[in-house]
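Here is a short briefing on pockets and strand pairing. Look at the sequence and the model, then read the points below.

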Amino acid sequence: MYSNYLPSTLPQNWVLAEIDQENEYIEFLGFDEELLVSIMAQPAENPQEPYFLCLSQLKGIVGRYDFESLDWPEWHPDAESAVLSAIKLMEWINQNYQDIDPVSQALYISLGTEEQLPILQKYYEEELFINEYRGENLVFKNARLLSGSTSYSESAIQSISHFAKCYKLPIREIKGGLLCNEQFELIEDIRDELATRLKTQYA
């Protein structure tokens, strides 16, 4: 069924990983198994459009792109339209892959500059280390999810905000807020959000 609608060659960077005609399932892997595009028939959930197209991230501990913002159609009326949509999605990813955040197996958050290490060590009772980031020596620590937080960035904002509050530091002296992976490639810059939180906190 699905095989009837596949092109002679898939988009670059993508391979056919599995096709199960009996269970009406097909999956494609892309970029050295970093991303998965799959289609599964689920008529019980949506009889009018029973073919469900899904995109999944297989590597990394944080989301690398907000694919939900694409508003890509997930449900399709037949296998042909689902496969065509999957191919277009793979092509779109190929065109926009450079804008997807790097894979992250570990996350680090910058807390401040090297000159601030003594005061940071007084507050953070865990291992801190210095790493050069774009020509500046910054203090980093492992990023962790705090209780009640839904993201690493929110946890980092909470942690740095509490640190600033404890030491009554002016906003201009808060130099942390870069979330990086283990290669110190930038995952997210939360400095603006942090400044907004601090302004509210100090109001």
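The lining of the second largest pocket has four nonpolar, two polar and five charged residues. Nonpolar here covers Ala, Val, Leu, Ile, Met, Phe, Trp, Tyr, Cys and Pro; charged covers Asp, Glu, Lys and Arg; the others, Gly among them, are polar. The model is predicted: local features need pLDDT of at least 70, side-chain atom pairs count only at pLDDT 80 or more, and totals for chains, interfaces and linings use all residues. Residues are numbered from 1 along each chain as its sequence is written, and side-chain values use heavy atoms, with hydrogens and water left out.

**Second largest pocket**

- This pocket holds about 150 Å³ of space.
- A pocket is an open set of points on a 1 Å grid over the protein atoms alone, where a 1.4 Å probe fits, with protein on both sides within 12 Å along at least five of seven lines; lining residues have an atom within 4 Å of a point.
- Points are joined across faces, edges and corners, and a volume is the space filled by probe spheres set on them.
- The charged part of the lining includes Arg134, Glu136, Lys175, Asp189 and Arg191.
- Ser110, Thr113, Tyr133, Leu138, Leu178 and Leu186 also line this pocket.
- Two or more lining residues come from each of β6 (107-113), β8 (136-142) and β10 (186-189).
- Strands are DSSP runs (E, at least two residues), numbered from the N terminus.

**Largest pocket**

- The volume of the largest pocket is about 370 Å³.
- Its lining counts 19 residues, and Cys54, Leu55, Phe67, Glu68 and Glu74 are the closest to the centre.
- Strand β4 (residues 51-57) gives the largest share of this lining, six residues.
- By class, the lining of the largest pocket has 11 nonpolar, three polar and five charged residues.

**Five-stranded sheet**

- Five strands form an open sheet in the order β1-β2-β3-β4-β5, with antiparallel pairing.
- β1 (14-20) and β5 (75-76) are the edge strands, each with a single partner, so one side of each has no neighbour in the sheet.
- Two strands pair if DSSP finds at least two bridges between them.
- Six bridges link β1 and strand β2 (residues 25-30), which pair in the antiparallel sense.
- Ile19 faces Ile26 in β2 as its opposite residue.
- Strand β3 (residues 35-41) runs antiparallel to β4, joined by seven bridges.
- Leu36 has Ser56 of β4 as its bridge partner.
- β4 and β5 are antiparallel and share two bridges.
- Opposite Phe52 stands Trp75 in β5.

Key: Helices (H or I, at least four residues) and strands (E, at least two) are DSSP runs, numbered from the N terminus.
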